[in-house]
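This report is meant for someone meeting the structure for the first time. Please look over the sequence and the model before reading on.

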Amino acid sequence: MKIWVDADACPGVVKEILYRAAERKAIPLVLVANQPLRVPPSKVISTLQVSSGFDVADDEIVKRIEPGDLVITSDIPLAAEVIEKGGQALSPRGELFTSENIRGRLNIRDFMDTMRSSGIQSGGPAPLSQRDRMAFANHLDRILARAR
């Protein structure tokens, strides 16, 4: 198993949780972004810088993942592609995307996109709460425990 992170939009606190988990479990962690990232020195943590552009990081992750890999992303279309390839997708808020819930999440995303393009302001997501951080850490621990 390898953990891939859609790192451009991933909150710093979630990255810190991932760094500790990767070190503790000795699981490779790759942060993919279109800008340089600073990560702690480690044998299991690395970065992959891709060129800037729409969905370039997402496309690179999809190209490189293998069945059983875990991808950390809040990008619903990326999560859908990961699931199609046999991977797992977990949001920074601790929501595990599955084959059972991804279609509904895609429909909601498309609906909200349509609303925004018609001029309706929906605001953005709420700031990451302590509860979100705990949900993420707990779900990550369960996934990693099953992987071993």
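The model is predicted, so local features need pLDDT of at least 70 and side-chain atom pairs count only at pLDDT 80 or more, while totals for chains, interfaces and linings use all residues. Residues are numbered from 1 along each chain as its sequence is written, and side-chain values use heavy atoms, with hydrogens and water left out.

**The nonpolar cores**

A nonpolar core is here a set of buried Ala, Val, Leu, Ile, Met, Phe, Trp, Tyr and Cys residues joined through side-chain atoms within 4.5 Å, where buried means under 20% relative accessible area, exposed over 50%, and partly exposed in between, with a 1.4 Å probe and protein chains only. In the largest such core, which has 25 residues, those that touch the most other members are Ile-3, Val-5, Leu-18, Leu-29, Ile-72, Phe-136 and Leu-140. Two or more residues come from each of β1, α1 (12–25), β2, β4 and α5 (130–147), and α1 gives the most, with six residues. Helices (H or I, at least four residues) and strands (E, at least two) are DSSP runs, numbered from the N terminus. Apart from this core lies another, of 18 residues, including Ile-65, Val-71, Ala-80 and Ala-89.

Contact means heavy atoms within 4.5 Å. Leaving aside neighbours within four places in sequence, Val-5 is in contact with Cys-10, Leu-18, Leu-29, Val-30, Leu-31, Val-32, Ile-61 and Ile-72.

In α5, the buried residues are Asp-132, Phe-136, Ala-137, His-139, Leu-140, Ile-143 and Leu-144, and their cover includes β1, α1, β4, β5 and β6.

Beyond its neighbours within four places in sequence, Ser-91 is in contact with Thr-73, Phe-97 and Phe-136. Lys-43 lies 20 residues from Glu-23 in sequence, and the two are 8.5 Å apart in space, C-alpha to C-alpha.
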